[in-house]
Each structure stands twice: as structure tokens, then as C-alpha cells.
Amino acid sequence: MKNFYLTFSLIVLICISYVSYKNFSSLILQSHLLKEFNENKYSDATLQLVINSEVSIPNVSVTTMPLNVMFARYYHVAGQHDKALKMLDRPIRDNPYLYTKETLKAQIYSYLDVSDSAEFYAKKAFSNLPGNAVNFELLIKSLLKKRDIKAIISAFDSVTVKTDSQFWRIYFSAVLNLNYENNTKILSQAKKAKKLFPNDKELNILSDYLLYGPINIRESVEINKKADSIFLTGQIDLAASLYVKGSKLNPSNYTFFENAGLCLYRLKRYNEAIPLLSKVVDSLNPLTGKSEYLLGMNLVELNRTNEACKFFKKSMKFNFKPAFAEASKNLSLIHI
């Protein structure tokens, strides 16, 4: 009996040592995997470590992500897609709530242009994790190939939290790709996106494309370049007319109104400048204080000092330096 316990204890000790060794070896490998995963990088050196390893002990990483998924990702990047898919199909118990297998399968099938499978796994991953932008993008790419605009709109409606502008960028890009801009719902969404994410330049450009049309936006960009060049040559009148034209093509771009207002101020056409600058202050405000300052300058020239003072003070709140200098010329403006 004593020999039995001794043998049993020795076997248990060996098993514990073996498992500990496998866990330790896995942790070393995981340090490489997680670092490259977070940096979205893949190296041949880590791939070789993956090839020489196995995922049975342990089967999940310290982040709870299934190791077979992380391993399969390297085989996919190395061009060994069949091996990657087989690894993802292994019946290993892991964390079933991350849907990382489905996400990677969708990526692989999308790369291989197997549309039905890509859509199937992308839909499964997204429906279970509708707040994941990667899953959303994979599904939208699949639906784009079918040109299924109704399904694309429905997928966006299914996004649980729309505070991430990435969802909006993916969605609007798909809509534009299908030339489906002139839709009341989408136009309303474009306006909403501009209010939610005023500092996201890429999203604002996409929104402008939807609201005013790609042709108008591209033309307005060319007009802006031409107007800037002409302004520098001293042809203020012509520059003003070009900026006004640009504002009609893209009425959400405050610089057209602001630059036109500046030109008209220099031309002493104050009554024409005021409505353009008021448009910026009232509805397009970039919070720089420049339009408030220019509005004040035009009002001063019309002897509307009390009104001018209000706009100089607003401009000063945005720390627009010229407003302080102008106010200092007449201290009474500061105290009104």
C-alpha cells in the first residue's frame, strides 16, 4: 500500500510539473502573441514559435482569448488558410462568448472571396456582439458584394451603441459605394453624425458627400484652392465671389462663409459680409473666435458699436488674439 501511495504521489507530481511547464511555456509565447496582436503586427519569428507549439494546455490565453484563434491568425497571415480554418474547427472548449472564431473565419473567407461563408460567420459574430466594429465591418463588406442596401441599413440600425464614429464611417462609406445618397433616412443620419462628431474630419466629409453630393463637394474643394490663390494676388472681389459660390456647393464648410466675409470686409461691403459671418456664428461655429471678431469689425464700420462689443467679447472667450487688440483701442467696449 505504501508503494502504491508513493507511486501515485510521484505520478501526480510529474503531472503537476508537466502542466506547470506547459503553462510557463505558453506564457512566454503569449507575451509575443499579445504584443503583436495589440500592435496589429505579425512576425515570422513568432509564426515559427506557433508552428512548434500546441494549444491543448492551456487552451485560452491570459486574456481569455482562445489560443487556437490566435494561432490560426498567424497561419492565415502566413497564407496557410486551410490550416487556419482546420485549427478553428478543433473541438476545444474555450470562451464561447467572444465569437473570435467566427470573426476570424469571416475574415479568412472574405479574403478567399467565399462570399456565402464570409457573410454567414460575419452575421453570426455581429448578431451576438452588435457593439463590435470589426464584426460590423465584416458584415457590411459581405453585404456590399450583394449590393444589399436594405440589409446594410438594417445592420446599422442593429448597432447597440452608436457613440463610436467608426460605425458611422463604415456605414456611410457603404452607402456612398452603392450610390444610395438620396434617401430621407440616410440624409437625416448624416446630419445627426455631424452633430455627434463635429471633430471627426473623415466622417464629416462622408456626411457632406451624402448631404450635398460627391460632385458638389469635389467642385467646392477646387473652388476653395482657386479662391485662396486669387486672394493672395490681391483680387479680393473675385476671391469673394468664389468663396460665396463654394458656400452654396458645400454649405456646411464654415471657411467659405468666413473667407467671403473677410473679403467683403476688405471691400467695405459690410452689409453683405454680416449675413455670411452670422451664418458661421449661429450654426457652423468652429469655436475659434475668428468669425465673431470679423462680425464685430464689420459692425464697428457701420457704427453699431454696442452689437460689435458683444461679438468681440465672444471672440475673446475663444482667446482669439486680434479681438483683444481691437477691444483695447476702446476700453469702453470691454465694460459694456
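Which side chain of opposite charge is nearest to Glu292, and how far away is it? I kept in mind that this is a predicted model.

Entry one, Glu292. I found Lys314 as the nearest side chain of opposite charge, 6.9 Å away. Glu292 is buried and has no salt bridge, because a salt bridge needs the nitrogen and the carboxyl oxygen within 4 Å. I placed Glu292 in helix α16, which covers residues 290-301. Next I looked for a polar partner and got Asn285, whose side chain joins that of Glu292 in a polar contact of 2.7 Å. Setting aside residues up to four places away in sequence, I listed what Glu292 touches: Val281, Asn285, Phe311, Lys314, Ser315 and Phe318.

Entry two, Asp200. I moved on to the loop between α10 (184-196) and α11 (201-212), where Asp200 sits. Is Asp200 buried or exposed? Its relative accessible area is 16%, so Asp200 counts as buried under the 20% cut-off. I then followed the side chain of Asp200 to the backbone nitrogen of Leu203, at 3.0 Å. Beyond its neighbours within four places in sequence, Asp200 is in contact with Ser165 and Arg169.

Entry three, cysteines. I checked two of them for burial: Cys263 is buried with a relative accessible area of 0%, and Cys309 is buried with 1%. How many disulfides did I count? The count came to zero, with sulfur atoms within 2.5 Å as the rule.

Methods. Residues are numbered from 1 along each chain as its sequence is written. This is a predicted model: local features need pLDDT of at least 70, side-chain atom pairs count only at pLDDT 80 or more; totals for chains, interfaces and linings use all residues. Side-chain values use heavy atoms; hydrogens and water are left out. Helices (H or I, at least four residues) and strands (E, at least two) are DSSP runs, numbered from the N terminus. Buried means under 20% relative accessible area, exposed over 50%, partly exposed in between (1.4 Å probe, protein chains only). Lys and Arg count as positive and Asp and Glu as negative; His and the chain ends are not counted. A polar contact is a pair of N or O atoms within 3.5 Å; within protein, one must be able to donate a hydrogen and the other to accept it, and residues adjacent in sequence count only if both atoms are side-chain atoms. Contact means heavy atoms within 4.5 Å.
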